[in-house]
Amino acid sequence: MHRPSKLLATAALMLGSVSLATPQVALAAPPAESPVTVSVQIRAPFTSSSSPKSLWTVELDGRYPFAKDFKIPYATLESEIDRLIDEQIPNNVYGTEVCSDPCPDVEWRIKLNPKFRFTKKGQPKLTQIGSSGQSKVRVELETEARLDLHADVTAETWLDTVEVPVDVFVVVGMKASVDISLWPDLVAKQPGSAKSGVKLEFELVDTDLEFDLNGTAVELGFKWGTIIGFTPLGLLAGGPILGPVLAIFGDAAADAAEAKINREFEKQVGKMFDQQSKELGKIANDYIDPYITQANDLKDDLLDTPIPGVGKTIEGLKSDLGADIQLHTVATTSSVSSAAILRLSGAAAGGKLLGKVRLPKEVCEYASFSVGGVSGTLPLGLVPANQDLDAKVGNNCSAVLTETFARKLFRGANPRAALGAAAENLPTWSGTAGSLAYVGKVRETNDWYECDFELTGLPKAAILELSAEELEARGISLQNRFMAVLAAGKSRVFDDKLAPLPEGAGGNSSLVLGGKGKCGGGSSSGGLTPNKMKALKDSLDPAKCPQCGLAKRPGSFVYEPANMNALLSTPIVKEVLARMKQNKAKVKNQAAKPGAAKPGVAKPGAAKPGAVNPGAVNPGAANGH
């Protein structure tokens, strides 16, 4: 039998190999049965073939090193086993019994013609044992095989010739089962036992012969275990071949010939029966029992590939990340699916993230529109912001700045996302990560107020997602991901593209949040002239359009009119709406071109429509140290 390379995927392959197909036999075959589907995937970033282009894909990264349907090639096996059994016995067995009395010698001959075929090709049953994280599966296979033997027996003397055709058969059933643990080492044990390997149980299903086991008659339905080759299983004394036929010769030579014919026939039947059982056991061991005892290749692939930009492998950061590779497996009666998943502990281990928060002195106000299936945002101009900090310059940041930003840690892929509802449901992201503290004094520039911050209580290496939350009310928009690594006592931070941020004071990377306030073009206007912006803002004045119900969202700088129809009566809003429709059509036309970006598809984590964005994340900003 061909034996594949030692991979974890091969372990799953061997599980899957127990699927069955309809054989090509002369007699009526059992119905076709579906093969077992086996798949192995890797759900982890930074593998050799799935390095992320952005940290925005870390929970989605994955690849399928192995996915295939398998079946036992019964038609091929029948032919092969038939050949092996035929090789075990001679085609012709003959001899001469010499009569010492005044009687003729007896010449005898047995021509043997065996035929092997499967009579039951039962579907193997795959049963998941325990949770998906245990990666344990029970495989059970039931099959039956029939061995037919036709013999032409001839005995002759110079007086007469006797020719007797003999047909006998044996049907043997086999049940094979094994419990397989796939991770961290592949171990195969007999169900309910500490013994390794496959449990084999044979049954005498049907026969027209009489067998014994250690001198005890074997009845139909009798079961015996993995004893082939260790315990004699043969024919009972007194062969079934000729009986009194040769008695017509009526001499000692004829009696001796009959005894030899019977002994030889029993011998050859026993050899064939033994070979039949051994071949069934071999199928079980070759197609069910995974003979691989180690399964580390997937681990090596996951752990030993350098992380782009960072320059270290998961193995090199394993203790810092609190990283481990888990294998999760889900089994049904017709499939085995395994996924190797990177999981991170998220436990605090001295890691930290240092940076600055720059609170803009001006922020942009926006108007949000949605009418007639057209929606968008328009900038209204800069307005003063954070004026309360003007009198607090030089005070301790910890006493002045109470607003925090949200932060969470990547914990690894969710087995359920990879394998479906039957798998364990593990969190992809943690709750609030680390401890945030503002340090130093409030500083001032022409464009912003500034405070330093420290985020401590992190793992030595971590993937973080930060979002503004409370800081949005102070004019900072933020949603981004970073990798923070503590190396040689220094904090190194990499952006969502895994590019390193500049080093600041003390050789630590400095993450800058916020900056100078500015107005973008909005999501639909394409930019309005200052005069048009003023006209729009004037038309949105509640004093001039009280029925419009204009209001800002709490903690934001976005105006949302409650009555768009009232605003449509103003010339400037009609003009803005027409421009929005033109821009929408332009985007649609551009998207129709080959290779064009699809409308409405934005980079994960992009600012929400109407959100204020005064330099939300600015790693390379001036004075970022």
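This is a predicted model: local features need pLDDT of at least 70, side-chain atom pairs count only at pLDDT 80 or more; totals for chains, interfaces and linings use all residues.
Close-up 1. Phe453 belongs to strand E22 (residues 448–458), while Phe405 sits in the loop between helix H6 (397–400) and E19, so the pair ties together parts that are 48 residues apart in sequence.

**Close-up 2. Phe116 and Phe118, an edge-to-face pair.** A pair of aromatic rings is described by the distance of the centres and the angle of the planes. For Phe116 and Phe118 these values are 5.2 Å centre to centre and 85° between the planes, giving an edge-to-face pair. Phe116 is buried at a relative accessible area of 2%, and Phe118, at 2% relative accessibility, also counts as buried. The count of aromatic pairs comes to three.

**Close-up 3. Helix H2 and its two sides.** Helix H2 runs over residues 74–88, which makes 15 residues, and it spans 21 Å from first C-alpha to last, close to the 21 Å expected at 1.5 Å a residue. Have a look at Tyr74, Leu77, Glu78, Ile81, Asp82, Leu84 and Ile85, which are buried. Viewed down the axis of H2, the buried residues fall within an arc of 165°, so they line one face of the helix. On the other side of H2 you will find Thr76, Ser79 and Glu87, which are exposed.

**Close-up 4. The largest cavity.** Two cavities of 30 Å³ or more are counted, and the largest has a volume of about 60 Å³. Its lining is made of Leu147, Leu149, Val168, Phe169, Val170, Leu209, Val269, Met272 and Phe273. Strand E6 (136–156), strand E7 (161–181) and helix H3 (252–287) are the elements that give two or more residues to this lining. By class, the lining has nine nonpolar residues, no polar and no charged.

**Close-up 5. The second largest cavity.** Here the space is about 40 Å³. Around this second largest cavity are Leu321, Leu344, Gly346, Leu409, Phe410, Arg411, Pro459, Ala461, Ala462 and Ile463. Strand E19 (406–410) and strand E23 (461–467) each supply at least two of the lining residues, and E23 gives the most, with three. The lining of the second largest cavity divides into eight nonpolar, one polar and one charged residues.

Key:
Residues are numbered from 1 along each chain as its sequence is written. Side-chain values use heavy atoms; hydrogens and water are left out. Helices (H or I, at least four residues) and strands (E, at least two) are DSSP runs, numbered from the N terminus. The expected span of a helix is 1.5 Å times one less than its number of residues. Buried means under 20% relative accessible area, exposed over 50%, partly exposed in between (1.4 Å probe, protein chains only). The arc is that of the directions from the helix axis to the C-beta atoms. On a 1 Å grid over the protein atoms alone, a cavity is a set of points where a 1.4 Å probe fits but cannot get out, and a pocket is an open set with protein on both sides within 12 Å along at least five of seven lines; lining residues have an atom within 4 Å of a point. Grid points are joined across faces, edges and corners, and a volume is the space filled by probe spheres set on the points. Ala, Val, Leu, Ile, Met, Phe, Trp, Tyr, Cys and Pro count as nonpolar, Asp, Glu, Lys and Arg as charged, and the others, Gly among them, as polar. Rings of Phe, Tyr and Trp (its six-membered ring) pair if their centres lie within 6.5 Å; planes under 30 degrees apart count as stacked, over 60 as edge-to-face and the rest as tilted.
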